[in-house]
Amino acid sequence: TFIELAERAGFEVAGVEPSRWAAKRAEARVGGPVHVGVVEDAPLPEGAYDVVTMWDVIEHLPDPVSTLRAVHAALRPGGVFAVTTMDVEALFPRVAGRFWPWYMQMHLVYFSRATLCEILRREGFHIADVRSHRRTVRVSYLVSRLAAYSRPAHRAAAALTRATRLDEKLVGVNLGDIIT
């Protein structure tokens, strides 16, 4: 979706996606190429990109340092790399403990603001800005997250939001635990 919106805004786009299914969907929606695989194996010309984005990806990587090196090499001097991930040391995950919703098996690496900035600096990036990120989600998604804490509360909230047609309403959420 992001590269589709970027292309509509006039950017020349390319994508990297490990999922064949998702890459095929992306290729059908944009004019630019979508490489099936990982950044390290993608045909990214050195210094060719003005902007590289990585939305909710770095925490899934078995070797984020290797990926960051490839991203850094692909950026032109003065280019921008924007990355979003969870901040494991924010107040919400510390209070929620093991109930923090982002503790999941598919997340291989967790960062704090400090560790993310440190790894980026070590790989040659200059940190321009770090801020917590507001997500826009459907109410039904928020309600679905209740299931992990209380099935009866989840069922009641899901029925109520469906009955009031609030389930598809979009809301902004910022618990301070997602950083860009």
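A: Begin with accessibility: a residue is buried under 20% relative accessible area, exposed over 50%, and partly exposed in between, using a 1.4 Å probe and protein chains only. Asp50 has a relative accessible area of 46%, so Asp50 is partly exposed. This is a predicted model, in which local features need pLDDT of at least 70 and side-chain atom pairs count only at pLDDT 80 or more, while totals for chains, interfaces and linings use all residues. Residues are numbered from 1 along each chain as its sequence is written, and side-chain values use heavy atoms, with hydrogens and water left out.

Q: With which residue does Asp50 form a salt bridge?

A: Side chains of opposite charge can pair when their charged atoms come close. The criterion is a side-chain nitrogen of Lys or Arg within 4 Å of a carboxyl oxygen of Asp or Glu. Asp50 meets Arg76, with the closest N and O atoms 2.3 Å apart. Asp50 is in strand β3 and Arg76 in strand β4, 26 residues apart, so the pair links distant parts of the chain; helices (H or I, at least four residues) and strands (E, at least two) are DSSP runs numbered from the N terminus. Arg76 is partly exposed at 33%.

Q: How many salt bridges does the rule give?

A: The count is nine. One of them joins Glu4 and Arg29 at 2.5 Å, N to O. Glu4 belongs to helix α1 (residues 2-8) and Arg29 to helix α2 (residues 20-29), so this pair ties together parts 25 residues apart in sequence. Glu4 is buried at 16% relative accessibility, whereas Arg29, at 36%, is partly exposed. Another salt bridge pairs Asp56 with Arg135, with 2.6 Å between the closest N and O atoms. Asp56 sits in the loop between β3 and α3, and Arg135 in strand β5 (residues 135-138), 79 residues away. Through shared partners, Glu4, Arg8 and Arg29 form one network.

Q: In what order do the strands of the sheet lie?

A: Two strands pair if DSSP finds at least two bridges between them. Here three strands form an open, mixed sheet in the order β3-β4-β7. Its edges are β3 (49-55) and β7 (178-179), each pairing on one side only. Six parallel bridges connect β3 to β4 (residues 75-86), and Val52 has Phe81 in β4 as its bridge partner.

Q: Which helix packs on the sheet and touches β4 and β7?

A: Contact means heavy atoms within 4.5 Å. Angles run from 0 to 180 degrees between N-to-C directions, with axes fitted to C-alpha atoms, for helices over the stretch in contact. Helix α5 (residues 113-122) touches β4 and β7, at about 155° to β4. Helix α3 (residues 64-74) lies across β3 and β4, at about 145° to β4.
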